[in-house]
Amino acid sequence: MKYVIGIDIGTSAVKTILVNEQGEVCGEVSKSYPLIQEKAGYNEQNPEDWVRQTIQALAELVSICQVQVNNIEGISYSGQMHGLVLLDQNQCVLRNAILWNDTRTTSQCRNIEEVFGEQLLEITKNRVLEGFTLPKILWVKEHEPEIFEKAALFLLPKDYVRFRMTGTINSEFSDAAGTLLLHVTRKKWDYDICKRFDIPTEICPPLVESHDCVGTLLPNIAEETGLSKKTKVFAGGADNACGAIGAGILSSGKTLCSIGTSGVILSYEEDKERDFKGKVHFFNHGKKDAFYTMGVTLAAGYSLNWFKETFSQNETFEQLLHGVESVPIGSNGLLYTPYLVGERTQHADSLIRGSFIGMDGSHKKENFVRAVMEGITFSLHESIKLFRKEGKTVDTIISIGGGAKNEIWLQMQADIFKAKVIKLESEQGPAMGAAMLATFGSGWFDSLEQCAEEFIRETSTFYPKESNVERYEALFNIYEEVYFKTKDLNAALAAFRDR
């Protein structure tokens with residue numbers, strides 16, 4: 001039996017899975033690492049934490065699975081997008097990584113817009129947002145010039161971990177698309193963007209395809225993990241691109257709902273000239289010469305995790321969600337907006353913050369939990385609404401991540417999205433997508449589509465219930481108003497906080 005390993009460098013933890021030739025997950029190990037939040041809007045991590053925890057997870061995975069390591073033919077990666085890792089000329093990390101959900105770069109975003117206007121949208125296919133990598137580079141250039149002067153290279157999170165495991169430096173198109181430095185349709189760095197902001201072009205790493213083999217494990221990594229130093233390592237992809245692969249979103253007609261720390265609604269695109277005018281993201285897929293459109297909720301699973309850690313720290317998620325099935329639609333008049341770290345789709349707003357609306361003395365914990373679940377799903381529905389407005393058909397949705405682990409939530413998605421929602425046998429998502437890239441790169445299959453036919457199996461389907469749909473449509477209309485009615489208040493509170 002042959003095996004591959006998929007590694008997902010997430011925001012809260014690294015997940016490693018061992019997958020056999022039939023697509024069965026034979027073992028899974030996760031290791032968490034801390035988030036560094038020095039002040040409001042700042043989100044950083046120590047890249048060495050990613051490396052250390054990945055090595056430990058792999059060592060544990062090899063130990064518990066007890067397979068012949070020579071039969072593990074390949075490793076590939078999925079990773080959180082946009083994060084900035086800066087290296088000096090000796091390839092040493094210069095500072096903590098600035099993450100995708102960091103919102104400190106508003107002034108840099110406005111500067112980019114002033115310099116480029118609409119031209120940047122034509123090149124990168126995306127609006128300028130705080131989460132992207134270029135604004136982070138400019139923030140370091142402005143606020144930490146001594147560090148910027150030493151910067152010889154930038155890498156994205158998974159690319160840094162892969163570098164540490166192989167000694168080779170690369171990025172690939174699906175992750176590079178989220179930097180605001182890649183010409184998305186031409187698939188090359190746009191050095192004119194660098195030059196306009198006095199960024200050395202050498203800072204951009206070489207680009208490869210997601211399924212390309214970029215090396216083998218370094219001897220010390222092989223020894224620490226228990227893997228063979230002959231194990232092939234493949235480039236991998238951005239977490240959402242890998243999530244799409246792992247859910248079989250490899251052709252037109254299917255849409256992905258993925259609820260992790262963030263939440264995404266993702267749809268496959270073949271036409272590189274499709275123009276959404278920046279209303280949703282347009283990125284390169286992990287499948288060669290393909291693309292995807294995506295709407296993002298910044299604090300999806302993070303909202304539920306925040307609630308748990310703040311109010312029910314000693315409970316499991318299963319315990320936390322116990323009782324929500326008995327709470328009626330609308331949580332007895334309680335509404336939640338998931339803007340804990342700002343929002344991206346459809347409101348590109350770094351200052352907006354979350355809220356509970358309609359609290360009264362009768363509300364219990366289960367009302368709040370259901371309200372959080374409904375608020376997250378409403379935010380994702382805003383992306384679906386945008387897709388439909390642009391002429392896309394959204395009637396079948398593959399749900400993965402935390403939102404696919406609870407049947408109440410899956411039915412809620414079907415009712416709010418007004419679409420058929422499918423649960424897969426494995427909701428590993430990004431880690432499975434990374435493993436599938438390793439199988440394709442290793443030559444097990446002639447295409448990712450062929451791999452998907454073998455690996456991906458549906459287990460259950462949830463259909464919208466008309467009576468629920470009507471109630472949720474009425475509640476969603478109220479939800480949409482909250483942003484506009486609280487925007488000015490949130491800006492005033494942010495100004496007060498920062499005085």
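This is a predicted model: local features need pLDDT of at least 70, side-chain atom pairs count only at pLDDT 80 or more; totals for chains, interfaces and linings use all residues.
Select strand β22 (residues 396-401) and strand β23 (residues 420-424), which pair in the parallel sense over four bridges; helices (H or I, at least four residues) and strands (E, at least two) are DSSP runs numbered from the N terminus, and two strands pair if DSSP finds at least two bridges between them. Within this pairing, S399 has K423 in β23 as its bridge partner.

Residues are numbered from 1 along each chain as its sequence is written, and side-chain values use heavy atoms, with hydrogens and water left out.

Move on to T337, in strand β20 (residues 335-337). T337 is buried, with a relative accessible area of 1% (buried is under 20%, exposed over 50%, partly exposed in between, with a 1.4 Å probe and protein chains only). Its side chain makes a polar contact with the side chain of S355 at 2.8 Å, where a polar contact is a pair of N or O atoms within 3.5 Å and, within protein, one must be able to donate a hydrogen and the other to accept it, residues adjacent in sequence counting only if both atoms are side-chain atoms.

The aromatic rings come next: the whole structure holds 21 aromatic pairs, counted for rings of Phe, Tyr and Trp (its six-membered ring) with centres within 6.5 Å, planes under 30 degrees apart being stacked, over 60 edge-to-face and the rest tilted. One of them is the tilted pair of F116 and F197, 5.9 Å centre to centre with 35° between the planes. Because F116 lies in helix α2 (residues 106-116) and F197 in the loop between α8 (191-196) and β12 (207-208), the pair ties together parts that are 81 residues apart in sequence. F116 is buried at 5% relative accessible area, and F197 is buried at 6%.

Finally, select W306, F307, F311, Y336, F356 and F368, which ring pairs link into a cluster.
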